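Me: I have a protein model open on my screen and would like to learn how to read it. Could you walk me through a few features, one at a time?

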Amino acid sequence: MTKLTPPSAEARPLLLETHGKTRQDDYAWLRAENWQEVMRDGREALSPDIAAYLDAENAYQEAIMAPTGALQETLFAEMRGRIKEDDSSVPSPDGDYLYGLKYVTGGQHPKFTRSRRDGSGEEVLLDGDKEAAGKAYFKFGGAGHSDDHRLLAWGYDDKGSEYYTVRIRDLATGEDSATRIEDTGGGGVFSACGKYLFYVRLDANHRPSKLFRHEIGTDPAADVLVYEEKDPGFFMGIGRTQSGNTLLIDIHDHETSEVWTIPADQPLAAPKLVAPRETGIEYSIEDNGGLYYILTNAGDAEDFKIVTAPKSAPSRDNWTDLVPHTPGRLILSHVVYKSFMARLERDNGLPRIVIRRLADNIEHAIAFDEEAYSLGLSDGYEFDTRTIRFTYSSMTTPAQVYDYDVETRERTLRKEQEVPSGHDAGLYVTRRLQAPAGDGETVPVSLIYRKDTPLDGSAPCLLYGYGSYGISIPASFNTNALSLVDRGFVYAIAHIRGGKDKGFRWYKNGRRKDKKNTFTDFIAAARHLVAEKFTAHDRIVAQGGSAGGMLMGAVSNMAPDAFAGIIAEVPFVDVLATMLDDTLPLTPPEWPEWGNPVTDPEAYDYIASYSPYDNVEAKAYPAIMAVGGLTDPRVTYWEPAKWVAKLRATKTGDSLLMLKTNMEAGHGGASGRFDRLKEVALVQAFALMVTGKA
């Protein structure tokens, strides 16, 4: 067999000085100077030398993985076989109608549907497969109907750049108006009268900085600027409370928020401020009658509390505790209905839903008995209701959708996830371990494996991690993971610091000056799995994407001996250069998460000490597969490209190193539900290959 020669990117040294310190970047040229155009237009805007390098890496990756072609097809068929192709959601009631989603056999994209309240007269409002026809990439943004059920505002992205075009559809005729609102963040929110649509527009640097009001039937060029956020470090969104009474302009970064309100029945009114932003203070709003119900961490409520304030005077001086702060019980979200409030919280690492009757403040909880599970709360459309909907699953239990009567406390199972090819939960074991970290903390690790998997250290393991932005990875049912588990893998999720799995402090202790805890926690999880005989280090494949891809880059530098392979999907690996470049879409809003190396020399030094690209060394690395997206606005394509180029030039040994750049997609990879499975099959084939199971 002819040995394949990997591509080699030309080194073009560039010296960069910051805070009196000089660093050399040999591959900075892979960052397109016209990156805004590349993000919008894709390959056609890319310079020939960059395109040639990405093409060469893609060709090499395809050649290396070619022997696994049949395996990939088998994995794809298995994963597709676990999907109910003609699936549909449990429709949500709103007035005289039920709204839902459905797929057809062979369809890649959802159809938005509605029927009468009794279930009759179903109509397709929006056909995703029809809208996607002829497009290499297509993804829906938001889709929302007006209060009178006459109009639908919907958004789509056909580049992967996350610049969404919004259309407005007449639901009586099924036709879109000629109106096209370009460069938005997704969908929009109707005023109560349905005559106006509020939406957020992205600027040239992909920042959601301006809120506009569009009058239905007019030229978008005449749309009115309602609010502009001048600080590039803040995101902006538009929403509406569950009651429908209040439009919410949400301004936030990763630690600070500010909300402005507009009465939904007074769409021409100027926005009113609830409470001015204060660094480190977060809050979000619901309403009922004359009160706002506010979820906040104000007043040292690290794990959040719920307060009320009069709508007429909502400033912080008038906030009154309703659900006091309890350390270790993290309140994740709340929704207020006419007669009750529901909140989703995490206590002792596990989620639960708490119902509070507003008339007398009596509470009760909805919880489950499994060792590790996932719980989700769906708001629905209606305000005057006594029914909520929630979704439950565990690593062995397919998703179950329940309607819950808050008065009788009766659960009604509305849907259970079907696995057409079959699923016997009795064949699998799910566990929750506590891995000791070096500083005395314990790191939760969720596992699933087959009962017949030998626990003598011989089993391969896929260890997944994320650990940023306070995002917790749920221990939920994952049909794709079963393809590895059924081949003898232990599938594990490390709930590392940087997420909120053990309360807000778990997040706080994994960001900024404590970011390295995220990486050492993941390594500790890997070492504990080996110590407990679930696997061995030469059989562990680590996987993470986006900020989890930064984790992959960091642990491959810090503990390359702990892993047989690394799967880094859209990996944020050029952390220092990106955080120094305030023109990039996410850089200013990210400074609260990582620190600001532009103004803070200590932040510069700390980020430089772990940034994966900057810490590549001449040593042996595990096998690595990196995956990027050309039009990705979140983790730009050049981050994995530069990282792989530097690894190729620097690392010792002959371990496998591959880069796949999706030239027709962005951050989320392929857009269709089956096309996405082909990408999953590729990385699973890599995991099987490097553990000798291919």
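Me: Let's start with two helices. What is the handedness of the crossing of helix 3 and helix 13?

Reply: The crossing of helix 3 and helix 13 is right-handed. Keep in mind as we go that this is a predicted model.

Me: And how do I describe such a pair in numbers?

Reply: Two packed helices are described by the angle between their axes and the distance between the axes. Here, helix 3 (residues 69-81) and helix 13 (residues 673-690) pack at about 130°, and their axes are 8 Å apart. Angles over 145 degrees would count as roughly antiparallel and 65 to 115 as roughly perpendicular, so helix 3 and helix 13 are oblique to each other.

Me: Which residues of helix 3 meet helix 13?

Reply: From helix 3 come Leu 71, Gln 72, Leu 75, Phe 76, Met 79 and Arg 80. Their counterparts in helix 13 include Phe 674, Leu 677, Ala 681 and Leu 688.

Me: Now sheets, please. In what order do the 8 strands of the open sheet run?

Reply: The general idea is that strands of a sheet pair through backbone hydrogen bonds, either parallel or antiparallel. In this open sheet the order is 32-33-35-34-36-37-38-39, with mixed pairing. Strand 32 (428-436) and strand 39 (657-662) are at the edges with a single partner strand each, so one side of each has no neighbour in the sheet. On average, neighbouring strands of this sheet are turned by 15° against each other, direction ignored.

Me: In which sense do strand 34 and strand 36 pair?

Reply: Strand 34 (residues 461-464) pairs with strand 36 (residues 540-545) in the parallel sense, over 4 bridges. Within that pair, Leu 463 stands opposite Ala 542 of strand 36. Helix 8 (residues 547-558) packs on the sheet, where helix 8 touches strand 36 and strand 37 (565-569). The direction of helix 8 makes about 140° with that of strand 36.

Me: Last topic, loops. Is Asn 205 buried or exposed?

Reply: Asn 205 sits in the loop between strand 13 (196-202) and strand 14 (208-215). Its relative accessible area is 17%; the cut-off for buried is under 20%, so Asn 205 is buried. The side chains of Asn 205 and Gln 36 are joined by a polar contact of 3.3 Å. Beyond its neighbours within four places in sequence, Asn 205 is in contact with residues including Trp 35, Tyr 163 and Pro 585.

Conventions
Residues numbered from 1 in each chain as written. Predicted model: local features only at pLDDT ≥ 70, side-chain atom pairs only at ≥ 80, totals over all residues. Heavy atoms only, no water. Pairing = 2+ DSSP bridges. Axes fitted to C-alpha atoms, helices over the stretch in contact; angles between N-to-C directions. Contact = heavy atoms within 4.5 Å. Buried < 20%, exposed > 50% of the residue type's maximum accessible area, 1.4 Å probe, protein only. Polar contact = N/O pair within 3.5 Å; in protein donor to acceptor, adjacent residues only side chain to side chain. Parallel < 35°, antiparallel > 145°, perpendicular 65-115°, else oblique. Left-handed = near helix turned anticlockwise from the far one by under 90°.
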